[in-house]
Amino acid sequence: MKKVRKLAGLLLALVMVMGLSVTALADDTGSITIKGVESDAHIFSAYQIFSGSLSGEGTTASPYVLSSVEWGTGVNTTKEVDTLTLLDAIIAISVDSNTPFSNCTDAASVANVLTECQNDSAVVTAFSKVVAKYLDTANSSSTSSGSEQSDGTYTYTISGLNYGYYLVTDSSTTSSEAVSTYLLQVVGSAKVNTKAATPTLEKTVSDDETTYDTYTNGSIGDSVSFKLTSIVPDVRGYVTYFFVINDTMSKGLTFNDDVAVTVGSTALVKDTTNDNSCGAGYFYVTDFTDSDGVTTIKIVIESAVELFSDTTVCSVGDTITVTYSATINQDCDYTSNGNTNSATLTYSNDPTDDADGDPDNPDEPGDDDPTGVTPVTVTTTYVTGIQITKVDAQDNTKTLTGAKFQISGNALNVVYVNSEIFEEDNTNGTYWRLTDGTYTTIDPSSLTDTSKYEDTTTKYTKVTVVTKDTDNSDFVAEGYVDDDGILTFKGPGEGTYEITELVAPSGYNLLKDKIYVTIAMNTKGVWKVTYKIGSNGSEETLSSNSDSLYAFNVTNSTGSSLPTTGGMGTTAFYIIGSLLVFGAVVVLITRRRMRAE
């Protein structure tokens, strides 16, 4: 039968001394000082388990000894739990198939066994758990007043205690903190440092697997690496210890299913059997992506008590490191919110409860198992985008269609071009391109006049395009502006990019100069984006629009434009111009001769 938690669990584990001797000074009453507590949200209560008469002088030759041992006022010896009284329950204790208390008949004989087993923590822990069920809540001394120390921890003191051995319980007001098990002797002033530190979890992210921080930035298609760190907890007294990391990725991140776990210097092995029963040295991973694209990941260390207790593998306080990665996808968030990845650690926090775990996954806590959860730790990956709007040079409110641009840059991995563009597809296409750069679904074969069609045989499909290139030093992506004259390049990372107009709107001159855009992240989540037209143009700083894209207008002028270099175009003009000049000279000379005659 599952053990019932009456007071949130034991805090102090059994500390026995030779012959039940008392090493503190023998005052009329004693006290217990509990040091190293993590917060002031605790209520500690001391229950006297054994009482007795004090003898000895408190010296090395004649130490204090508690004799004539009886049951203390803090336990109810007649209470029945599962039909057993306190003594019967102690006699029934079994540790590694041994029953160390089987011959006990009273408090003194139980105390003698504990003295003999003083170095056997398993016996001490088992005894403490049984006694915890028989505490007399009407007979305890408590304190809820913690004194903050210079190191940020708190110290609690329970005073006015008669000589004896006490069990101290912790009814912490915060369920996230861990407790340990101790039984403490009290004569004079007894002090103890808590050993059960609450586990912590820290999450960081990197775009190069070298420098980790709480944030990074990247391009669509980039892989970002996550690192989670914790420490090996003290699992003494635990039958089962749960160590479960729960991670949530926003829809802009695609989990790469490449989790690795290291405890100390030992790499754990991933359990691929899907039965969650490989044992110590293994971990397993489950993940699920919901209809909104949000992915939840669960990482579970199997048989954690056995693993964390193995001194050949690790020691208490050693680092636990968990790594995995995700790819930035086209659903990423371009706003200042970024693309978040959050994680928490669920861990066991009460060794007095023989937790049995989830029936389907014993290494995960069941509904009634006592656990704590660390605060949420969050990383953010930021992504940005550029938006071009094609407008008339004389009327900036007039948008133009039909323009085609190319973007290139050595820092760009993947770019998401517009929300939708048109690709040539003569098999499945349902669109035809018109001479003004727009598209129509009207089949030209049904029309008599097809002069507005750029080509009556080439068909297009409206698609969402993500252009990829594995060689970042030679990246090129192209796209047409949409019906509103807008073209977006979503997902470029930090770097400098060149944008070239390849096709001008019908009736407009082609933009001769390249557009240069520079993207940098100055501080967390704050981009600096500048652009200039032409290599000698003035640089302007852009602001993000309502879509969190950095937008600017590109103008085109109407009218004719002479070719600027080479070809027959300029040659023809040069020849015609020369002939006109030659003809004028001939006419002038002829007129002068006629006048002379």
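What share of the 597 residues in the chain is buried? In this predicted model, buried residues make up 46% of the chain. The chain exposes about 28900 Å². Carbon and sulfur atoms supply 47% of that area. The secondary structure consists of 5 helices and 37 strands. Contacts were also sorted by separation in sequence. Among those between residues at least 6 apart, 72% join residues at least 24 apart.

E3 spans residues 44–55. Its pairing with strand E5, residues 141–143, is antiparallel and has 3 bridges. Within this pairing, Ser-45 has Ser-142 of E5 as its bridge partner. E3 also pairs with strand E8, residues 164–170. That pairing is antiparallel too, and 6 bridges hold the count. Here Phe-50 stands opposite Tyr-165 of E8. A further antiparallel pairing links E3 to strand E4, residues 64–71, through 5 bridges. Ser-55 has Val-65 as its bridge partner in E4.

The nonpolar interior was examined next. In soluble globular proteins, nonpolar side chains tend to be buried together. The largest nonpolar core of this model has 42 residues. Those with the most contacts inside the core are Tyr-241, Val-259, Val-263, Ile-299, Ile-301, Phe-308 and Tyr-324. Which strand gives the most to this core? Strand E21, residues 319–328, does so, with 5 residues. Val-259 shows what such a position touches. Beyond its neighbours within four places in sequence, Val-259 is in contact with Phe-283, Val-285, Ile-299, Val-322, Thr-323 and Tyr-324. Another core, of 31 residues, lies apart from the largest one. Its members include Tyr-47, Val-69, Val-95 and Val-130.

Helix H2 covers residues 107–116. How many of the 10 residues of H2 are buried? The number is 7, and the helix is mostly covered. The buried residues are Ala-107, Ser-109, Val-110, Ala-111, Val-113, Leu-114 and Thr-115. An α-helix has 3.6 residues a turn, so residues three or four places apart point the same way. The N-terminal end of H2 is capped by Asp-106. A side-chain oxygen of Asp-106 lies 3.4 Å from the backbone nitrogen of Ala-108.

Val-113 sits in H2. Its relative accessible area is 12%, so Val-113 counts as buried, the cut-off being under 20%. Leaving out neighbours within four places in sequence, Val-113 is in contact with Pro-100, Phe-101 and Cys-104. Ser-102 is 11 residues away from Val-113 along the chain, and their C-alpha atoms are separated by 10.0 Å.

The cysteines were then considered. The structure holds 0 disulfides. Cys-104, a contact of Val-113, is buried, with a relative accessible area of 6%. Cys-278 is partly exposed, with a relative accessible area of 30%.

Asn-217 provides a polar example. It belongs to strand E12, residues 215–217. Is Asn-217 buried or exposed? Asn-217 is buried, because its relative accessible area is 10%. The side chain of Asn-217 makes a polar contact with the side chain of Glu-494, at 3.3 Å.

Backbone angles were inspected last. Most residues other than glycine have a negative phi. Asp-82 has a positive phi, near 55°. Where does Asp-82 lie? Its place is in the loop between E4 and helix H1, residues 86–91. Asp-82 is partly exposed, with a relative accessible area of 44%. Glu-209 also has a positive phi, of about 60°, although it is not a glycine. Glu-209 lies in the loop between strand E11, residues 202–206, and E12. With a relative accessible area of 59%, Glu-209 is exposed.

Technical notes
Residues numbered from 1 in each chain as written. Predicted model: local features only at pLDDT ≥ 70, side-chain atom pairs only at ≥ 80, totals over all residues. Heavy atoms only, no water. Helix = DSSP H or I, 4+ residues; strand = E, 2+ residues; numbered from the N terminus. Buried < 20%, exposed > 50% of the residue type's maximum accessible area, 1.4 Å probe, protein only. Polar contact = N/O pair within 3.5 Å; in protein donor to acceptor, adjacent residues only side chain to side chain. Pairing = 2+ DSSP bridges. Contact = heavy atoms within 4.5 Å. Areas by Shrake-Rupley, 256 points an atom, 1.4 Å probe, with all protein chains shown as cover. Disulfide = S-S within 2.5 Å. Core = buried A, V, L, I, M, F, W, Y, C linked by side-chain atoms within 4.5 Å.
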